[in-house]
Amino acid sequence: MDSYQSLAERVLAGDPATASDARTILSSSDEDLLDLVAAASRLRREHFGNRVKVNYLVNLKSGLCPEDCGYCSQRLGSEADILKYSWLPKDEAKRQAEFGLAGGASRVCLVASGRGPSNRDVERVSGMVEEIKTSSPDVEVCACLGFLKDGQAQRLKDAGVDAYNHNLNTAESLYPDICTTHTFADRVDTVDKARGAGLSPCSGLIVGMGETDEQIIEAIESLKAVDSDSIPVNFLIPFDGTPLEGTWTLTPQHCLRILCAVRFLCPDRELRIAGGREMHLRTLQPLSLHVANSLFLGDYLTSEGQAAEEDLDMIVDGGFEIVGAESAERLRDELKAHRAAHQAAFAEVAPGDMKSDGTSAEAAKTASTLPCGKPLPTAGQEADDSGVMIPTIRRRGAGTELTPNV
Ligand code: SF4
């Protein structure tokens with residue numbers, strides 16, 4: 001390859017990047033990293049300009065899954081200390097979705113653990129979607145409910161679901177090492193069913209599970225083959241209590257190279273930095289938005305993300321705008337003002353005062369939440385005794401009485 005810029009020009013002229021190009025990208029040196037990102041950024045800007053699509057996850061049903069996906073904190077036999085709950089009521093699902101919409105999300109992702117939905121579950125989710133779309137008609141809804149049976153994708157489509165997420169996760173050649181209760185082909189089948197019903201296929205990756213660079217390329221080629229419209233790239237969060245506990249194979253630089261490989265092979269597809277971005281991309285996160293054009297706001301299904309303000313700061317500081325928002329900067333400032341108002345209300349209770357709910361100032365000082373129920377700010381991650389970053393289990397938002405970090 002002459003240079004990454006000439007590869008970008010070739011791709012922009014309609015000549016697709018090849019597996020061999022991806023191999024060169026994934027084996028490139030740290031010294032070349034900025035040149036690589038600059039070239040990938042040309043493809044990102046060609047197809048998505050300076051816009052960032054903000055997505056928001058609502059975990060409708062958490063834990064207790066009968067499948068054994070090795071990366072998953074909700075798997076059969078997982079000892080991860082996650083929140084476990086059955087279906088959120090319809091009103092609560094709508095309320096949770098609205099937190100994300102207020103924080104700038106234009107797509108809400110409704111996710112449920114499990115092998116796949118019953119027809120009753122599909123009816124339940126359809127009711128939630130109708131409710132959300134009645135109050136927020138412009139929102140895009142993506143459902144992620146596991147394997148679909150015949151007719152279920154069509155029912156979701158009829159209810160107003162726009163997209164269906166079902167990640168291929170990794171290479172077919174690695175799949176038997178990652179999961180024994182279903183196959184890679186099962187996953188492809190559900191993506192096909194979603195696309196066949198007119199739902200936009202959302203299917204992506206989890207990297208950092210011990211795959212080789214060749215297997216990353218194999219997985220990206222499979223995502224091309226299923227014609228995934230949007231590609232979330234998750235970076236393994238190695239939960240304690242799962243088989244991949246303690247698996248740390250990624251570097252921030254290699255995470256960027258992986259994103260660049262996806263961008264070059266799938267230049268016009270939505271590319272999302274997803275779970276684990278904070279702990280793996282670390283200080284290179286802002287750079288990744290020059291390659292990816294989408295992110296999840298705030299927390300993930302079972303772990304905490306960084307504060308939503310930090311996500312919005314990253315977007316504003318990079319000179320990006322948010323899909324569906326008039327001004328990313330104004331949205332960010334409003335969100336910060338809202339948070340500051342909560343904090344001021346909490347701090348301004350004078351000693352001896354009684355709050356309107358009859359509790360004392362002393363009680364307010366020792367409370368673990370702000371007056372509206374929002375949790376006090378916490379770091380998105382903690383370090384264990386040896387300084388290794390460990391995931392912080394989500395204890396706020398869906399399935400709890402605490403409002404989420406947006
Ligand atoms: S099917 Fe989904 S929820 Fe169940 S273990 Fe696999 S990834 Fe986790």
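How many bridges join strand β7 to strand β8, and do the two run parallel or antiparallel? Four bridges join them, and the strands are parallel. The model described here is predicted.

**Overall fold**

The protein chain contains 15 helices and 12 strands. Of its 406 residues, 47% are buried. Among contacts between residues at least 6 apart in sequence, 75% join residues at least 24 apart.

Strand β7 covers residues 230–235, and six of its six residues are buried, so the strand is largely enclosed by the rest of the structure. In a regular strand the side chains alternate between the two faces of the sheet. For β7, one side carries Ser230, Pro232 and Asn234, the other Ile231, Val233 and Phe235, and all of these are buried.

Strand β7 also pairs with β6, in the parallel sense. The pairings of β7 are set out below.

| Partner strand | Residues | Bridges to β7 | Sense |
|---|---|---|---|
| β6 | 205–207 | three | parallel |
| β8 | 270–273 | four | parallel |

Valine 233 takes part on both sides: valine 233 is the bridge partner of leucine 205 and stands opposite isoleucine 273 in β8. From β7 the chain crosses through helix α10 (residues 252–265) to β8, in a right-handed β-α-β crossover. A right-handed β-α-β unit is also made by β6, helix α9 (residues 213–225) and β7.

**Ligand surroundings**

Around the ligand lie Cys65, Glu67, Cys69, Cys72, Gln74, Arg75, Ser113 and Gly146. By class, this shell has three nonpolar, three polar and two charged residues.

Key: Residues are numbered from 1 along each chain as its sequence is written. This is a predicted model: local features need pLDDT of at least 70, side-chain atom pairs count only at pLDDT 80 or more; totals for chains, interfaces and linings use all residues. A residue is near a molecule or strand if its C-beta atom, placed from the backbone, lies within 6 Å of it. Ala, Val, Leu, Ile, Met, Phe, Trp, Tyr, Cys and Pro count as nonpolar, Asp, Glu, Lys and Arg as charged, and the others, Gly among them, as polar. A residue is buried if 20 or more other C-beta atoms lie within 10 Å of its own, exposed if 12 or fewer, and partly exposed in between; C-beta atoms are placed from the backbone. Two residues are in contact if their C-beta atoms, placed from the backbone, lie within 7 Å. Two strands pair if DSSP finds at least two bridges between them. A crossover is right-handed if, with the strands pointing away from the viewer, the path from the first strand over the helix to the second runs clockwise.
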